[in-house]
Each structure stands twice: as structure tokens, then as C-alpha cells.
Amino acid sequence: MTVTVITGAASGIGAGLARHAASLGMGLVLADWDEASLNDIASKLSGDVLAVPTDVSDEEAVQSLAKAAYDRFGQVDLLFNNAGVLSSGLSWEIDAATWQRSLNINIGGITNVIRAFIPLMIEADRPSRIVNTSSWGGFVTSPVMAPYTATKGALVGIPAGLAADVAAT
């Protein structure tokens, strides 16, 4: 069985990925900070589904997510590093807390997931894939979306660096 981990699984792209993966009979580990919505989507999916409430900006929570995935399934074949937030407004009017939340989730969350899962995926020594969701915001600048554009732009570079690191090892 293919095992898929999806962060940001309670809504949007993540929920769509979860529904599609379930329809293909994949084992699922779903993560999201919104526990109620996460449990709701998990309850509507068929197959082997593990819902793990996770704030990806919390390194310990992400380490627990990785442990739960490997404890339950013993492998991870696909990892959709998808959790993210959209913050908008005029750049100079967005408060520091909103900027920091965007950085913590959209960049910190991605790097927390990479640090938690990559060593386990390498140790498993089996084919696996990571998909880091950036969106159009990583390539196109839009008005009133500076935090989103800045953080999603970083997500264009992070996977490129990750791929080079993995190739070098």
C-alpha cells in the first residue's frame, strides 16, 4: 500500500489531495491545525486514515506527526508539504504578528516537515516523493499579498536546495 502524508489536509488543496488519495486506496496520514475540520474530513474518507492535529510551525508537533506516521504504517511514500496561510493587506500596514505567522507557517512549517521526515525517508531506503506546495504566489507578485508572495517565493528555492542535498548524499 502507498502511504501518503498531507499537511494542511482539512481544507482546500489538502482536502482535495486527501479525497483523491483515499479513492486510490492509499493509507493516509492527515495533518492540520484545525482539529475539528481535520476529523470531519478524515471521517468522510474510506480506507486506513490517521488524523493527527498538527501545527506545522511547532517543530515538536511535526516530529510527533512523523513518528505517528511511521508507527502506524512503517513507511511514507508520498509527502505533501501543503500547509500554508494567506495574509494580505498593504505591506506597511500588516502588523508584525501577521508577518511572523506567515513566515512561521509557510516557511518554518515546510522546513519542520523536511527535517522531521527526510531522515526517516532516507533511512527507509525506498522510493519516496515530497511535493512542496508553493502556488502561483511563488512566481507572481500581486498587490496586497507581500507576506504570501515572499513566503511562497521561498518555497520555490527550498525544494531545489533539498533536491541538491538529497542528490549529494
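Q: What percentage of the 169 residues of the protein chain count as buried?
A: The model is a predicted one. A residue is counted as buried when its relative accessible area is under 20%. Of the 169 residues in the protein chain, the share that counts as buried is 44%.

Q: In what order do the elements of the protein chain run from the N terminus on?
A: The protein chain has five helices and five strands. Read from the N terminus on, these elements run β-α-β-α-β-α-β-α-β-α.

Q: Why does the protein chain count as being as compact as a globular protein of that length?
A: For 169 residues the globule rule gives 15 Å. The protein chain is close to that figure and is therefore as compact as a globular protein of that length, its radius of gyration being 16 Å.

Q: What part of the accessible surface of the protein chain belongs to carbon and sulfur atoms?
A: The accessible surface of the protein chain amounts to about 8,400 Å². Of this surface, the part that belongs to carbon and sulfur atoms is 57%.

Q: Which elements do the buried residues of α5 pack against?
A: Helix α5 covers residues 146–168. Its buried residues are Pro147, Tyr148, Thr149, Thr151, Lys152, Leu155 and Leu162. The elements against which the buried residues of α5 pack are α4 and β5.

Q: Which residues does Trp99 touch, not counting residues up to four places away in sequence?
A: Trp99 is found in helix α4, residues 96–124. Trp99 and Pro147 are 48 residues apart in sequence, yet their C-alpha atoms are 6.0 Å apart in space. With residues up to four places away in sequence left out, Trp99 touches Ser91, Ile94, Ala146 and Pro147.

Q: Is Trp99 buried, partly exposed or exposed?
A: Buried requires under 20% relative accessible area and exposed requires over 50%. Trp99 has a relative accessibility of 26%, so this residue counts as partly exposed.

Q: Which residues form a nonpolar patch on the surface together with Trp136?
A: Trp136 lies in the loop between β5 (129–132) and α5. Because its relative accessibility is 43%, Trp136 counts as partly exposed. The nonpolar patch has about 410 Å² of accessible area in total, and Trp136 forms it together with Phe139, Val140 and Val156.

Conventions. Residues numbered from 1 in each chain as written. Predicted model: local features only at pLDDT ≥ 70, side-chain atom pairs only at ≥ 80, totals over all residues. Heavy atoms only, no water. Patch = residues over 30% accessible without salt bridge, like charges linked within 9 Å, V, L, I, M, F, W, Y side chains within 5 Å. Areas by Shrake-Rupley, 256 points an atom, 1.4 Å probe, with all protein chains shown as cover. Salt bridge = Lys/Arg side-chain N within 4 Å of Asp/Glu carboxyl O. Helix = DSSP H or I, 4+ residues; strand = E, 2+ residues; numbered from the N terminus. Buried < 20%, exposed > 50% of the residue type's maximum accessible area, 1.4 Å probe, protein only. Contact = heavy atoms within 4.5 Å. Rg over C-alpha atoms; globule rule 2.2 N^0.38 Å.
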